[in-house]
Amino acid sequence: MLSQSARYFVPDPSRWPIFGSAALLCMASGTALWINDESWGRFILIAGACILIYMLFGWFGTVAHESEGGQYNRQVDSGFRWGMSWFIFSEVMFFAAFFGALFYIRVLSVPWLGDLDNKMIWPDFTAQWPTAGPGFTELFTPMEAWGIPAINTLILLTSGATVTWAHWGLLKNNRKQLIIGLILTIALGISFLSLQAFEYTHAYSALNLKLTTGAYGTTFFMLTGFHGFHVTVGTIMLITILCRSISGHFNADHHFGFEGVAWYWHFVDVVWLLLFILVYWL
């Protein structure tokens, strides 16, 4: 018989993809109906979300049991690593497109709209960032960098250190250090999201800064909002890894599930540093 290291793992036929497809269909159609004033569309959306959660629990549980059952060899582990690497690369390109839009607006579009050729069209427009753009008369206040954003930067940098500390604990087979490090990282992630929610409330109520506030409002909420979504996903992933760690999963030689989430969390940290510098500070 072939040893585990020499064979290639082929998973059993799975029903989970069809559940995922049904969930996405319900969520997309429910959202479309709800947007078009069909009140019952939200119930289809909720049903789709419930199916998606059921699918995630079932599919991830299947993968976890296969992994802990010793069915994954080094070849499968290498495949997971390549898959996660390409996924993070796709996320880098996702944010690169948004940062590119911010660059185009600030460096090219705003100066062009304020040059002499366009002065007759928008005589009162000043080509200076931050701005909502020409024709926008409603006053707003830009978000300051040295308040909640600076605190959130410190929080995410600290969370990067705590998840690394948890990884060191795993490599030393120190289960207590692993669990405490994950708990601290999750707490910091939730703190970040809570402060960002407060920041958004303050922006809407006190600064009159909204998604409809022209070029500045759209780029600000687009970049920070999508990053907040990624922090939310990362926090859920960390909670999943914490539950698996408490159940005794992972060891020093077999723990890519943890590593993949740690890679993702460090990616989220780096993106926030760019956001803090390019959106809040400069």
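This is a predicted model: local features need pLDDT of at least 70, side-chain atom pairs count only at pLDDT 80 or more; totals for chains, interfaces and linings use all residues.

Biologist: Is Leu-209 buried or exposed, and what is its relative accessible area?

Modeller: The classes are buried (under 20% relative accessible area), exposed (over 50%) and partly exposed (in between), with a 1.4 Å probe and protein chains only. Leu-209 is buried, because its relative accessible area is 0%.

Biologist: Which residues is Leu-209 in contact with, leaving aside its neighbours within four places in sequence?

Modeller: Contact means heavy atoms within 4.5 Å. Among the partners of Leu-209 that remain when those neighbours are left aside are Phe-140, Thr-141 and Met-143.

Biologist: What separates the C-alpha atoms of Leu-209 and Leu-139?

Modeller: Along the chain, Leu-209 and Leu-139 are 70 residues apart.

Biologist: What is the phi of Asn-208?

Modeller: Asn-208 lies in the loop between α5 and α6 and is partly exposed, with a relative accessible area of 21%. Although Asn-208 is not a glycine, its phi is positive, at about 55 degrees.

Biologist: At what angle do α5 and α6 pack?

Modeller: Two packed helices are described by the angle between their axes and the distance between the axes. Axes are lines fitted to C-alpha atoms, for helices over the stretch in contact, and angles run from 0 to 180 degrees between N-to-C directions. For α5 (residues 175–205) and α6 (residues 214–246), the axes are 9 Å apart. The two helices pack at an angle of about 155 degrees.

Biologist: Why are α5 and α6 described by their orientation class, and which class is it?

Modeller: Angles under 35 degrees count as roughly parallel, over 145 as roughly antiparallel, 65 to 115 as roughly perpendicular and the rest as oblique. With an angle of about 155 degrees, α5 and α6 are therefore roughly antiparallel to each other.

Biologist: How many nonpolar residues has the contact of α5 with α6?

Modeller: Ala, Val, Leu, Ile, Met, Phe, Trp, Tyr, Cys and Pro count as nonpolar, Asp, Glu, Lys and Arg as charged, and the others, Gly among them, as polar. In the contact of α5 with α6, ten residues are polar and two are charged. The nonpolar residues there number 19.

Biologist: What is the handedness of the crossing in which α4 passes α5?

Modeller: The axes of α4 and α5 come within 8 Å and cross at roughly 165 degrees, which makes α4 roughly antiparallel to α5. A crossing is left-handed if the near helix is turned anticlockwise from the far one by less than a right angle, and right-handed if clockwise. The crossing in which α4 passes α5 is left-handed.

Biologist: Where is Asn-173 found?

Modeller: Phi of Asn-173 is near 60 degrees, a positive value in a residue other than glycine. Asn-173 is exposed, with a relative accessible area of 56%. Its location is the loop between α4 and α5.

Biologist: What is omega for the peptide bond that joins Trp-129 and Pro-130?

Modeller: Pro-130 is found in the loop between α3 (74–113) and α4 (148–171). The bond that joins Trp-129 and Pro-130 is cis, with omega at about 5 degrees.

Biologist: Are α3 and α7 roughly parallel or antiparallel to each other?

Modeller: The axes of α3 and α7 (residues 256–281) come within 10 Å and cross at roughly 10 degrees. The residues of their contact divide into 17 nonpolar, two polar and five charged. From the crossing angle, α3 and α7 are therefore roughly parallel.

Biologist: Which residues does Phe-80 touch, not counting those up to four places away in sequence?

Modeller: Phe-80 lies in helix α3 and is partly exposed, with a relative accessible area of 36%. Not counting residues up to four places away in sequence, Phe-80 touches Tyr-72 and Phe-256.

Biologist: How many helices and strands does the secondary structure of the protein come to?

Modeller: Read along the sequence, the pattern is α-α-α-α-α-α-α. The secondary structure comes to seven helices and zero strands.

Key
Residues are numbered from 1 along each chain as its sequence is written. Side-chain values use heavy atoms; hydrogens and water are left out. Helices (H or I, at least four residues) and strands (E, at least two) are DSSP runs, numbered from the N terminus.
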